Each structure stands twice: as C-alpha cells, then as structure tokens.
Amino acid sequence: MSAVKKPGSILYITRNGLLEPLGQSQVFSYLKGLSKKHAVSLITFEKPEDRADDAAFQHAEGGCRDHGIRWTPQRFYYRPKLIAHAWSMIVFLFLCLREVRKGKVSIIHARSYIPAAVALVVYKLTGTPFIFDMRALWPEEMITAGRLKRGSLLHRLLVWSEKSCLKNASAVVSLTEAAVGYLKQAYPEETRNQRIVIIPTCADLERFIPAPEPCGNDVYSCLGTVVSGWFLIDRLAHFFHFIAEQNPDARFEVVTRDDPDQVRNRIGGSSDFQSRLKVFSMPPGEVHKAIQKHSASVMFYAGGATSELGRSPTRMAEILGCGLPVIVNSGVGDVATIVDRYRVGVVIDDDTDEAFKAGLSQLRELQSDPDLAMRCRRAAEEVFSLESGTRAYDQLYQDILSGRSA
C-alpha cells in the first residue's frame, strides 16, 4: 500500500523542551494531530535536568517516531542569559537553513519571539513563509517580571523584532482576543493587512476529564509555576491562609516544578498550616489525577498590565476540563470573560479579607449547583479543545500552502 502523500512540510521550532510539561501539552499534543496531514519536523531545547531522565527522553523519542515527527532536540543553556539566548538563535538559524536547503520545509512554525526572529531571518534569506505564534506579549511580560527595562537597548531591539515579525509573517497566532486588540492599536501599520488567528491554550480533554465520582475532598489547589515575576504568590498565600482560618478541614496543594522549599517559604504560615499544605511535582501525563482530587483551583496573575492581555493559562483549560471551578483575577487575557460567560468560577481583584470572604461565598454558591461540573467541562470543550485548536492550525497551514502555490 502506498503511503499517503502529505501536502506540506512543517518545521516547528521552539525554545521549550518536549520533555517539560508545556512541551507535552502545548507542542506535542498539537503535533500528534497535525502529523496526520503534514510532514512535521521539530526542533526543541531540552533543559539538562529533563534530558537526564533517560526513560522520559526515550518515551518522547518513541512518541515522535510513532507519529512520524522528526525531532531534533538541542541542549538548553540557562546562563549567561543574553549569550544563551543568542546561542539558541544561532543554533536555530543553522538548523533551519539546513532544513530549507534540503528542500524539507514548506512553512516554519515559530513558537514565541526568539524562534520567530530566526524564522524572519530565514524568510528574508530564502523566502520560506513563517507563522509568528506569539503565545503572549513577551517583551511586556519581561517588563512586568522586572527582567527588562522599558526603553532599554534590549527592549527596543525586541520591539523592532516584534514589529518586523508582525509585518512579514504569513500569519500571526494570538492566544487571546484582548491581545489582538492591543496589537492593532499599538501596531496599526504592521497589522493592517495581517491575518491574525486566535487559538487559545488547549488541553487534551480526553485525559483531563472529571473524576468518575465526586471525591468529596475540600482541597484548594494551584497548578504550575508560582515563583515567576508574573504570578501573585503573596496573594495566593494570603488566600490560602484566609481559607485555612475559615475552614479547619481545608487542605492545600501546589502542583509545580518550582523548588518545594522555596514555595513553602513564600507561602509561609504556622506549623499547623504547613502540615495542611502539599507542594509537589508530577509527570505531565499524571497531572490530571491530582486535579480530579481537588475541589477548586486558584490562578492569581499580575493582571492589569499590558503583558497580561496575551496570557491564556494552560492550567485553566486543564482545570475546567476536569470539571472544577477556578478562582481568578481580572486583567488576564480572556480569563475573567470566560469565567463570567460560562459561570465557572469567581473573580477576586482585591487582596483583602473582605474580597476573599465575598469570593468564597460566591464559590460555595457555585459548588452547590449540580450543573457546575458540566458547565466547566462545556467551557473547556468550547474554548480550549485540543481538537478545535489542531483544526485551526491545520486550516492555517493549508491556507498558507495554497496561497503560496497560487
């Protein structure tokens, strides 16, 4: 039987590792579906601590092989920071040009800013079209986190790169409607004739499903990194402590790859509170088992800043997929809009006992509704479905390929 001819060869480039949770949920999950219709090559940067897990590496390698994905993992370097970024760009550029010259690339799919800057150079040199998959507003995120000074030479360079990628990309992908509004206002010339597609963070809803039976636990959780500059860990700590005072039976879990001691120290509290707090990590394929044992999950980001307009938290998709409500703050992408539209959580914007008390009262009212889990699941399916996201990327690829051949 002859092999099915695939319409285009996609080179997907990302600085995230395939072995880290984000690489599994937001890269590999898509590529598995896209590889059915497209020849896919993947370049990632793997962190040393992930690469040291031989079993995980072999599993990822086997998964790529099973789906016909040609994976070229590279070593991720942390420091010196600027040199590490520059080196990854050089490696990306060399590998991309090598693939293009072999005739193996129809489209470069660049995930985030550094890969997009490389794809821009390749486009200028070879004419190979590229997709600027922004994910979020990275320069603004860096400013919010205190890692970049507005107006500095590096900031001006990043903004120039952002504008150039917006102008020259065959298509731009944004996670949120809020970010698209900002881009059109900030860069009217670059976005005037640009195709911008909104594809929110997606989750594998075949795995992130409600528990077969309600667990009956009173566990408040938080998923993902909490010690980054854009997560409000002090507000999370205050909220957890407030709940602990109100409910002696409440327990707390932080499922994260952050250093557990650092997280515990930042959250603080008495020895009694600390005995009710668990901080741990889980393999990406097991996280849903933890979520299914929770009663609600908290996401407090540094909302209100421009940087947050482009944020679409992966954890929200996974939590809602498991039928759980979320506790969030506004000013974070489309998060509050989704919560209000589907009635799947509460929005708390003040770091005060009064605001927490009102929020908990709303949460208890929601949890008394027998349809809550169903609404959470429906919101996940309508907004964050992996299948719909994969279809959107496939359509984007096909449109670019057909336009290129026209």
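In the predicted model, L82 is located in helix α4, which spans residues 81-101. With a relative accessible area of 58%, L82 lies over the 50% cut-off and is therefore classed as exposed. Together with L154, L157 and W160, L82 makes a nonpolar surface patch of about 440 Å². The most to this patch is given by helix α7 (residues 153-168), with three residues.

The loop between β3 (70-75) and α4 contains P80. The peptide bond leading from R79 to P80 is cis, and its omega is near -10°.

When residues up to four places away in sequence are not counted, F239 touches V298, F300, I327, I348, F356 and L360. In soluble globular proteins, nonpolar side chains tend to be buried together.

Positive phi values occur at residues other than glycine, including S112 and R343. S112 has a phi of about 85° and is placed in the loop between β4 (107-111) and α5 (113-126). For R343, phi is about 55°; this residue is found in the loop that links α15 (335-342) and β13 (345-347). The relative accessibility of R343 is 46%, a value between the 20% and 50% cut-offs, so R343 counts as partly exposed.

Methods:
Residues numbered from 1 in each chain as written. Predicted model: local features only at pLDDT ≥ 70, side-chain atom pairs only at ≥ 80, totals over all residues. Heavy atoms only, no water. Patch = residues over 30% accessible without salt bridge, like charges linked within 9 Å, V, L, I, M, F, W, Y side chains within 5 Å. Areas by Shrake-Rupley, 256 points an atom, 1.4 Å probe, with all protein chains shown as cover. Salt bridge = Lys/Arg side-chain N within 4 Å of Asp/Glu carboxyl O. Helix = DSSP H or I, 4+ residues; strand = E, 2+ residues; numbered from the N terminus. Buried < 20%, exposed > 50% of the residue type's maximum accessible area, 1.4 Å probe, protein only. Contact = heavy atoms within 4.5 Å.
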